[in-house]
Amino acid sequence: MKKRGSHKCLRCGKETAYIEPCDYCEPKRMVCASCIKSSKTASKIDRKVICKDCWGRMPKRKAYKSA
Ligand SMILES: [Zn+2]
Ligand SMILES: [Zn+2]
């Protein structure tokens, strides 16, 4: 039986009520709060999320910081 309102993090496999897509994974992965390294709102509609894996990769980290 499937639980409602539960999502699986694609990075650590943990089940959690709240996950967000990492904007820097290719393809995008849904990650839980503890796998998200940082997130910010670049504009009113554009929210950027970066996971811990992408944070460890310089080109992606730079892309996040300049977004
Ligand atoms: Zn996770
Ligand atoms: Zn990522």
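**Figure 1. Contacts across the whole predicted chain.** Of the contacts in the protein with a separation of 6 or more, 27% are between residues 24 or more positions apart. Two residues are in contact if their C-beta atoms, placed from the backbone, lie within 7 Å. The model is predicted: local features need pLDDT of at least 70, side-chain atom pairs count only at pLDDT 80 or more, and totals for chains, interfaces and linings use all residues. Residues are numbered from 1 along each chain as its sequence is written, while chains are lettered from A and ligands numbered from 1 in the order in which they are written. The C-alpha trace of the protein spans about 45 × 25 × 20 Å along its principal axes.

**Figure 2. Confidence and the order of the elements.** The average pLDDT of the protein is 92, and 94% of the residues score at least 70; pLDDT is the predictor's confidence in each residue, from 0 to 100. Where pLDDT is low, the predicted coordinates should not be read in detail. The protein has two helices and six strands, and from the N terminus on they run β-β-β-β-β-β-α-α. Helices (H or I, at least four residues) and strands (E, at least two) are DSSP runs, numbered from the N terminus. Confidence is lowest in strand β2 (residues 15–16), with a mean of 94, and highest in helix α1 (residues 52–55), at 98.

**Figure 3. The hairpin of strands β5 and β6.** Strand β5 (residues 36–41) and strand β6 (residues 47–51) run antiparallel and are joined by five bridges. Two strands pair if DSSP finds at least two bridges between them. The hairpin from β5 to β6 passes through five residues. Which residue of β6 is the bridge partner of S39? The partner of S39 is V49, and that of S38 is I50. In a regular strand the side chains alternate between the two faces of the sheet.

**Figure 4. The largest nonpolar core.** This core has 12 residues: C9, I19, C22, Y24, V31, C32, C35, V49, I50, C51, C54 and Y64. Strands β4 (30–32) and β6 each supply at least two residues of the core, and β6 gives the most, with three. A nonpolar core is a set of buried Ala, Val, Leu, Ile, Met, Phe, Trp, Tyr and Cys residues joined through C-beta atoms within 7 Å. A residue is buried if 20 or more other C-beta atoms lie within 10 Å of its own, exposed if 12 or fewer, and partly exposed in between, with C-beta atoms placed from the backbone. Buried residues make up 18% of the 67 residues in the protein. In soluble globular proteins, nonpolar side chains tend to be buried together.

**Figure 5. C9 and K14.** Leaving aside neighbours within four places in sequence, C9 is in contact with K14, T16, I19, M30, V31, C32 and C35. K14 is found in the loop between β1 (7–8) and β2. K14 counts as partly exposed because it has 14 C-beta neighbours inside 10 Å. Not counting residues up to four places away in sequence, K14 touches C9 and C32. K14 and S34 are 20 residues apart in sequence, and their C-alpha atoms are 9.7 Å apart in space.

Figure 6. Is A17 buried or exposed? A17 counts as exposed because 10 C-beta neighbours lie inside 10 Å. Y18 also has 10 such neighbours, so Y18 counts as exposed. A17 touches G5 and S6, not counting residues up to four places away in sequence. The C-alpha atoms of A17 and G5, 12 residues apart along the chain, are separated by 5.7 Å. For Y18 and S6, 12 residues apart along the chain, the C-alpha separation is 7.6 Å.

**Figure 7. The cis peptide bond of E26 and P27.** A cis peptide bond joins E26 and P27, with omega about -5 degrees. P27 is found in the loop between β3 (19–21) and β4.

**Figure 8. S66 in helix α2.** S66 is found in helix α2 (residues 58–66). With 7 C-beta neighbours inside 10 Å, S66 counts as exposed. S66 and A33 are 33 residues apart along the chain, and their C-alpha atoms are separated by 22 Å.
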